[in-house]
Each structure stands twice: as structure tokens, then as C-alpha cells.
Amino acid sequence: MLHTSDFDFDLPPELIASHPLHQRDASRMLIVKGKDIADKHIRDFLDYLQPGDVVVFNNSKVIPARFNASGHEITLHTAVSDKVWWGLCKKFNKINIDEILTLDDGTQVKVLDKDDESGLKLEFLCDNVFAVLDKVGKMPLPPYMKREAETEDRERYQTVYADPIGSMAAPTAGLHFTPELMQEIETRGAKIVKITLHVGAGTWMPVKTEDLSQHKMHSEWCCITQEQADIINDAKRVIAVGTTSMRTLESSAMDNCKLPENERNARVVPICRSTDIFITPGYKFGAVDVLLTNFHLPKSTLFMLVSAFAGLDEMKSAYAHAIAEKYRFFSYGDCCLLFKKDN
């Protein structure tokens, strides 16, 4: 039985990327195929494509969800309705229920409720929450960057194909792609499908239990249309760009497996629901053949996911190589192209 500590590794803090590179497509890319590894660049991604491949991106757009209200920094994470949201706040115990807080542009929010895990339940007293956030909000950079969001982050902590709005964190594997690189994918004979998973703040939450079966996975809304499912089911191989694309595809594959055998598709079915799928070693992948993803935190659910896909020993060796070669880690860091390990 695997435990959380099995997914630990030592990461020098100087390898955590706090800013993006000058060019999106300048990142390094580590190839991991079984025990074979190779040092490449993201532009070499094209060389690993085959005609008939389908490359699946998550097109969710990041909300500038972090803002100041009456001296408190609040980061929204879950929508209850158009105007009611839950938001994290460091000193929320000093704020009272029914208190009115004022944002930098004069917009007011009313505190409806408080919770130790979810923070503050806020009602925005305005017509359009997204319009307000567009004026006063900042990009919700991960806590490990240890800096405030800057003007540059409005563009760079967002994929070039982002739409619709709904994420509290970027689907970061997609940050490496330029319009030119995406066009070249199709020139090489592969197809592009843009599905949706709105990334929640739970993506940064650490696993606090040593027993993986006791971990409560966060839930996120995702969607694959019938048209997209048809394209994916006709794929020679499915290449997921990012763990959020992976989680959406595999959630759909699980729904597919629940159908009677004579009604099942090749890989996926249309899906439009919340998912709390928690992928750990031993999981049988039903949709994805290749995964492009960034380097993840020690003991995180995402490192568990990539270890399930490419092998725990293989990923530990690959990460040790990446650390020795000074790859850049996490959201603004470099990436790796992983091939599914034969079970």
C-alpha cells in the first residue's frame, strides 16, 4: 500500500519559477518514456506527434480573483451563484457575519457566512462581478511564488486560447503554447480539441493524510461536448495537455465504463458535471496515451497522478534528473512529456 510519504522528494527552493520566461515557447521539456529520458524544448513537442493524434487542451480562463476589501486580501475560489462566492482570507476571524466590506473601486460585498475551510461567503452588491474583478482584481498566483501579481501576469498566467472564464488557477501546461505552435500541431496532421475544466483553489491544497484513501479530493466542474467526444474517440492517440485535461478525460472514460458493454465508446462520452477524481498508482487509464505537464509539488495529488501514469520509480528518477539539470518547477516552470507506462 502506498502512502503520502512515498511521493516526497527534496526540491531546492531556487528551482521554483517565480516569473515566466521572456517567451512562452522557450521552456525546456523532459521526455519520459519508461526508464528512458531525454532533454528537449517545448518546440520539439511537434516531433512527437503522429498523424491521427488528438491533442486535448483545457481552455478555461483564469479569473483575476484576488482583491483587497477594507484592508483584507481575499481570493475567491467557489461560486455559489452569479453574485455569491466563497473566498479565502488570512484573518477572516476578525470579520463579522453581515459586515460590509468595500473594494478599491467602491464596490461593496456583504459577508453572509464564515467557515474554517472555505473562508468567507460573500455577496457582491453590484451588477456584474466579473466586470468588477476585471478592474480591481489580481491574478491568483500560487502561494509558492511568494510574490504579488504584476501587470505581466494578466497575460502570462493565462493561455493564449483561454475561454470561457471560470478558473482560480491556470491550467499551466498550456502556458507554453503560442498560436504559431498550435497551428503547427494541425499542420503535422494532428487535431486539437479544447475541453473545459474550471480549476479550483483546491489544486494547491496539500495532502494532509498519510493514508491516501483518507484524502478528500477537491471537486471541479468539467465539460466535453458530443462533437469533442466523437473526435477523441476517433483518435489514434490522445495527448492530454495538462493534468486538468487528463482529469476531465479520465472522468469521462469512467462514465463510459459504466455503460453496458455494447454501448461503450472507444474512449470517452460527453460529460458536463463536477469531478473529484483522484488518480493514484494502480489506476487503469481509459482515455489518455501521452501527457504533457509541468513539474509538480512533492506529496501533491498531481505528482501522484503523473506517477500513476508513467510509473512512480520512473517519475522519481525523472525528477531527480530535472533537479540535477536545474529545470524550472511548478506553474511558470518547464514541462515534461510523459508516455503511459504499460501495466
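Predicted model: local features only at pLDDT ≥ 70, side-chain atom pairs only at ≥ 80, totals over all residues.
Reader: What is the volume of the largest pocket, and which residues lie nearest its centre?
Author: The volume of the largest pocket is about 1,100 Å³. Its lining consists of 36 residues. Those that lie nearest the centre are His77, Thr78, Gly202, His218 and Ser219.

Reader: Which element supplies the largest share of the lining of the largest pocket?
Author: At least two lining residues come from each of strand E6 (72-79), E7, helix H1 (129-136), strand E11 (165-167) and strand E13 (220-224). The largest share amounts to 3 residues. The element that supplies this share is E6.

Reader: How much space lies in the second largest pocket, and which residues are the closest to its centre?
Author: The second largest pocket holds about 550 Å³ of space. It is lined by 20 residues. The closest to its centre are Arg66, Glu73, Thr75, Lys90 and Pro143.

Reader: How many nonpolar, polar and charged residues does the lining of the second largest pocket have?
Author: E6 and E7 each give at least two residues to the lining of the second largest pocket. From E6 come 3 residues, the largest share. By class, the lining is made up of 10 nonpolar, 2 polar and 8 charged residues.

Reader: In what order do the 6 strands of the open sheet stand?
Author: Strands of a sheet pair through backbone hydrogen bonds, and the pairing may be parallel or antiparallel. In this open sheet of 6 strands the pairing is antiparallel. The order is E5-E6-E7-E10-E9-E8.

Reader: Which are the edge strands, and by what angle are neighbouring strands of this sheet turned against each other on average?
Author: An edge strand pairs on one side only, which is the case for strand E5 (66-69) and strand E8 (100-102). When direction is ignored, neighbouring strands of this sheet are turned against each other by an average of 45 degrees.

Reader: Through how many residues does the hairpin join E9 to E10, and which residue is the bridge partner of Lys114?
Author: Strand E9 (residues 108-115) and E10 are antiparallel, with 6 bridges between them. The hairpin from E9 to E10 passes through 3 residues. The bridge partner of Lys114, in E10, is Leu120.

Reader: At about what angle does H1 run to E5?
Author: H1 lies across several strands, namely E5, E6, E7 and E10. The angle at which H1 runs to E5 is about 85 degrees.

Reader: How do helix H5 and helix H6 pack, and which residues make the contact?
Author: Two packed helices are described by the angle between their axes and by the distance between the axes. For helix H5 (residues 243-257) and helix H6 (residues 301-310), the angle is about 65 degrees and the axes are 11 Å apart. The crossing of H5 past H6 is left-handed. The residues that make the contact are Thr243, Met246 and Arg247 of H5, together with Leu302, Leu305 and Phe309 of H6.

Reader: How do the residues of the contact of H5 with H6 divide into nonpolar, polar and charged?
Author: Arg247 of H5 and Leu305 of H6 are among the residues of this contact. The division by class is 4 nonpolar, 1 polar and 1 charged.

Reader: How many cavities of 30 Å³ or more does the structure hold, and which residues lie nearest the centre of the largest cavity?
Author: Rolling a probe the size of a water molecule over the atoms shows where empty space is left. The structure holds 2 cavities of 30 Å³ or more, and about 90 Å³ of space lies in the largest cavity. Of the 14 residues that line the largest cavity, those nearest its centre are Ser27, Arg156, Leu175, His176 and Tyr332.

Reader: From which helix comes the largest share of the lining of the second largest cavity?
Author: The second largest cavity, with a volume of about 30 Å³, has a lining that includes Arg247, Thr301, Leu302 and Leu305. By class, this lining has 6 nonpolar, 1 polar and 1 charged residues. The largest share, 3 residues, comes from H6.

Terms used
Residues numbered from 1 in each chain as written. Heavy atoms only, no water. Axes fitted to C-alpha atoms, helices over the stretch in contact; angles between N-to-C directions. Helix = DSSP H or I, 4+ residues; strand = E, 2+ residues; numbered from the N terminus. Left-handed = near helix turned anticlockwise from the far one by under 90°. Contact = heavy atoms within 4.5 Å. Nonpolar A, V, L, I, M, F, W, Y, C, P; charged D, E, K, R; others polar. Pairing = 2+ DSSP bridges. 1 Å grid on protein atoms, 1.4 Å probe; cavity = no way out; pocket = protein on both sides within 12 Å on 5 of 7 lines; lining within 4 Å. Points joined across faces, edges and corners; volume = space filled by probe spheres on them.
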